[in-house]
Amino acid sequence: MRTIYFGTFVHSLALSDLQVLQSAAVGVHEDGTIEFLDENADSPEAVAEKHSWPAGSYSIVSPDPASASFFFPGFFDTHIHASQYPNVGLFGKTTLLDWLNTYTFPLESSFADLKVADSVYSRVIARTLGNGTTTAAYYATVHTASTNRLADLALSAGQRAFIGRCCMDANSPDYYCDKSLEEAQVATLDVIEHIKKIDPSHNIVCPILTPRFAASCTKELLSWLGKLATDTKLPVQTHISENLLEVELVKNMHPFGNSYADVYDKCGLLGDRTILAHAVHLTDDERVLIAKRGSGVAHCPASNSALTSGETRVKLLLDAGVKVGLGTDVSGGFTPSILHTARQALLVSRHLSMEGDESHKLSIEEVLYLATVGGANVCGLGNKLGNFLPGKKWDAQLITLDCKDSPVDIFPWERQKHEDLVAKWLFNGDDRNVTKVWVDGKLVAGTEFAL
């Protein structure tokens, strides 16, 4: 039946506009679509009468008004390697290219075994959902069967997911790669067909074309994927300008491109549903090109710090008109939490500002926008998700700051200072505060999910 959610709501309307609504109500249709947002509501029953919802035709979800709780939109993780989850925190003193060979490729190659895939993928989906991530852009591995299993598990769990089978036919280990262009083509099409069978409308799970990065793909493979993206209108995800040695490698391998971004553009891979991870070392011309094509950037501050890749200048991207969301980049990133990633994004921006330019600094309002509306825009879902405006889907989390075992200490005089509560949550909260998670109007996770 329809549902009225009643209480405090926090959501982003614009980059610097974080709206806090106390004593508000959101009405959600049976299909998960938000029908109304009433900013000043006396009670759920009064709101139902106002909108002609008969008694008995709806349920009510209303946290204890004495609790320090609020509804917040579901997070978007715009860049996460699901297969790398066992390696979170394992990067030693390595940087990107040696990290791939030392830690990443050996682990990913083990996903030829479906038992490994089942164990890891079920855990990472549970972890991300439990941290409030309602939509994730997943990289899987080269293996068709285990990539399909990731799609199956995400659909079963109710998490919106973009599922990407990694394409890599160059500069990759002999034991872990596409042996030929034809092998990559067949495997990619098999994954697309499988997801079409289990979710024909791509409402919950959607295939995403995934050239791992330009240096791991021949021009022929990049061009084929670009044409496939044009023909199918499917989204694309890949890496760009994460590490200076990687940038030089791409320059030497693909001299037909004037820049890293131009390589993708000439192969037809830059479009309005393309997610480019990292973008640490972009030139001004590349930012202009990416904005012109409508592509988005997945900002991965935890990973960029852990692998000493560099500091993405997010404000320069935004000023250039580039869409930006947040990515955990597990396992270069050491946590599956977008809340923690938002925290890192804010801190990295402050380190940049210490170099003498205050314009790089991101605010609490801005990083929470990137975690929700920004991510929705990057994933091509901005018209459907990201906040609580009518017509969008109810993908949401209930945050409770005074729950049992909460890492956030709330004092009596703070309970009505909701802007302060949001700040304390950003800097101190974790998955213990995520008491309920909904996707498409359905309760799917949270600490109270099993109750």
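Tutor: Let us begin with the residues around the largest cavity, whose lining by class has four nonpolar, four polar and four charged residues. Here Ala, Val, Leu, Ile, Met, Phe, Trp, Tyr, Cys and Pro count as nonpolar, Asp, Glu, Lys and Arg as charged, and the others, Gly among them, as polar. This is a predicted model, in which local features need pLDDT of at least 70 and side-chain atom pairs count only at pLDDT 80 or more, while totals for chains, interfaces and linings use all residues. Residues are numbered from 1 along each chain as its sequence is written, and side-chain values use heavy atoms, with hydrogens and water left out.

Student: What volume does the largest cavity have?

Tutor: On a 1 Å grid over the protein atoms alone, a cavity is a set of points where a 1.4 Å probe fits but cannot get out, and lining residues have an atom within 4 Å of a point. Grid points are joined across faces, edges and corners, and a volume is the space filled by probe spheres set on the points. For the largest cavity, whose lining includes H81, W99 and D329, this volume is about 110 Å³.

Student: Which helix gives the most to the lining of the largest cavity?

Tutor: Helices are DSSP runs of H or I with at least four residues, strands are runs of E with at least two, and both are numbered from the N terminus. The lining includes L96, W99 and L100. The helix that gives the most, with three residues, spans residues 96-109 and is helix 2.

Student: Which element supplies the largest share of the lining of the second largest cavity?

Tutor: This cavity holds about 60 Å³ of space. Strand 8 (160-164) and helix 5 (181-198) each supply at least two residues of its lining. The largest share, three residues, comes from helix 5.

Student: Which strand gives the most to the lining of the largest pocket?

Tutor: A pocket is an open set of points with protein on both sides within 12 Å along at least five of seven lines, and the largest one has a volume of about 250 Å³. Of the 16 residues that line this pocket, the closest to its centre are G7, T8, S23, P65 and H418. The strand that gives the most, with three residues, is strand 1.

Student: Which residues of helix 14 meet helix 13?

Tutor: Contact means heavy atoms within 4.5 Å. From helix 13 come I364, V367 and L368, and they meet, in helix 14, V422, A423, W425, L426 and F427.
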